[in-house]
Amino acid sequence: MASVFQCCGKRENHTWRGDTTAKPNSSSALSQKAKGKTPPPPPPGGPPQAERMCGVGVVFKPTMNADSGRTQLVVYSVAPASPAERSGLILPDDQLTHVDGTAVVDLAAEKVAPLVLGASGSSVTLRFKRSDDEFDVTLERSWGGGRRDP
C-alpha cells in the first residue's frame, strides 16, 4: 500500500553541514569519515523549516478502476487530529483526482506525494470524487496532530 502521511521529514536522507542537499554518501561525508572525523550533528530541531515537508493526514491506496481500467488513488484512512480529519469532508474510498489543479488519475503514489506534501502552514487544494460528485477541499499542511512544528 502506498501512502502519503501527515508528515514526511527527510532528515535521515541528509548529512547536515549547513546545507540539506548533501546525501549521506557524499564525497564530503566520506572524506570526513576516511580522515577519522565525524561530521557535525544536526542542529536541535533538525533541518531548517523550509526543508520540513508536511502533509494533510490522508493515507491513500492505489487501486484499479474496474470500469475504466485506470489507476487511481483512493483514501484508505484519515489521520486523527489531522487537517483532513478536521475538515470533516474527506472519507475513506474518496478518489483523489486533482492536486492544486493538476490531474493525478493514472499517476503513481510516488508522483502524487510531492504534490500533496509541502511546507508547514502552506495550503493545498485536493479534488475528490465520491460517487458521481466531485468536490474541492483546501487544507493547510501541518505536522501530526495539528502541530505546526515537530
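## The β4–β5 hairpin

Strands β4 and β5 make a hairpin with two residues between them, and D100 in the turn has a positive phi of about 50°. Strands here are DSSP runs of E with at least two residues, helices are runs of H or I with at least four, and both are numbered from the N terminus. This is a predicted model, where local features need pLDDT of at least 70 and side-chain atom pairs count only at pLDDT 80 or more, while totals for chains, interfaces and linings use all residues. Residues are numbered from 1 along each chain as its sequence is written, and side-chain values use heavy atoms, leaving out hydrogens and water.

## Who pairs with β4

Two strands count as paired if DSSP finds at least two bridges between them. β4 (residues 95-99) meets β5 (residues 102-103) antiparallel over two bridges, with V99 bridged to T102. β7 (residues 123-130) also runs antiparallel to β4, over four bridges, and here V99 stands opposite L126. Then there's β3 (residues 71-78), joined antiparallel to β4 by two bridges; L73 has L96 of β4 as its bridge partner.

In α3 (residues 109-116), the buried residues are A109, V112, A113 and V116. They fall within an arc of 110° seen down the helix axis (taken from the directions from the axis to the C-beta atoms), so they line one face of α3. The face turned away from that buried side carries exposed E110, K111 and P114.

What do the buried residues of α3 pack against? β1 (53-54), β3, β4, β6 (118-119) and β7, with contact meaning heavy atoms within 4.5 Å.

Conventions. Buried means under 20% relative accessible area, exposed over 50%, partly exposed in between (1.4 Å probe, protein chains only).
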